[in-house]
Amino acid sequence: MKKILLIVCTAIINFSCSNDNDDNLTFDFEGPWTLYNVSCFCEFGENSDFNTHKITFDAEQLFVENSGQHEFLANAEGAYVITDDIITLNNGDQYRIEVRLDQLHLIYIDNPDEVTLEYFRG
């Protein structure tokens with residue numbers, strides 16, 4: 001009886017645990033994204049307005065709009081490639097992608113300042 005109970009408990013644990021991550025669901029990049037925060041070891045000053053920076057993924061092209069005092073993703077417009085969770089932009093910069101519901105986080109790879117660009121859809 002103990003063996004049967006052990007087998008049933010093991011089966012329940014195996015089926016209830018999975019590698020699914022609800023934070024990283026299949027994701028459609030198409031459309032506009034607005035920057036709402038930049039996390040880094042850099043100084044932007046008080047009341048920095050990041051929402052003047054927008055990106056749009058359209059088919060296999062990235063469009064960048066920098067209309068504020070800060071410029072992000074300079075020279076990145078054009079084709080991009082996504083491999084696993086890494087996006088390589090037209091300018092050669094690479095970012096790790098994290099998606100959480102309607103939020104997109106681009107974490108710059110190989111940057112000592114650990115820059116993370118945080119966007120919301122729209």
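In what order do the strands of the open sheet line up? In this predicted model, the order is β4-β3-β2-β1-β9-β8-β7-β6-β5.

**View 1. The open sheet and its two edges.** Here 9 strands come together, and their pairing is antiparallel. The edge positions go to β4 (78-79) and β5 (81-83). Each of these has a single partner strand, so one side of each is left without a neighbour in the sheet. As a reminder, strands of a sheet pair through backbone hydrogen bonds.

**View 2. Strand β6 meets strand β7.** Take a look at residues 86-88 of β6 and residues 94-100 of β7, which pair in the antiparallel sense over 3 bridges. A handy landmark is Ile 87, which stands opposite Tyr 95 in β7.

**View 3. The hairpin of β7 and β8.** Moving along the sheet, β7 pairs with β8 (residues 103-108) over 6 bridges, in the antiparallel sense. Tyr 95 turns up again in this view, standing opposite Tyr 108 in β8. The hairpin has 2 residues between the strands, and Leu 101 takes a positive phi near 55 degrees there.

**View 4. Strand β8 beside strand β9.** Strand β8 also pairs with β9 (residues 116-121), in the antiparallel sense and over 5 bridges. To find your way here, follow Leu 104 to Tyr 119, its bridge partner in β9.

**View 5. Asp 110 in the loop.** Between β8 and β9 runs a loop that holds Asp 110. Asp 110 counts as exposed because its relative accessibility is 75%, and the cut-off for exposed is over 50%. Asp 110 and Tyr 95 are 15 residues apart in sequence, while their C-alpha atoms are 9.0 Å apart in space.

Note on methods
Residues are numbered from 1 along each chain as its sequence is written. This is a predicted model: local features need pLDDT of at least 70, side-chain atom pairs count only at pLDDT 80 or more; totals for chains, interfaces and linings use all residues. Side-chain values use heavy atoms; hydrogens and water are left out. Two strands pair if DSSP finds at least two bridges between them. Helices (H or I, at least four residues) and strands (E, at least two) are DSSP runs, numbered from the N terminus. Buried means under 20% relative accessible area, exposed over 50%, partly exposed in between (1.4 Å probe, protein chains only).
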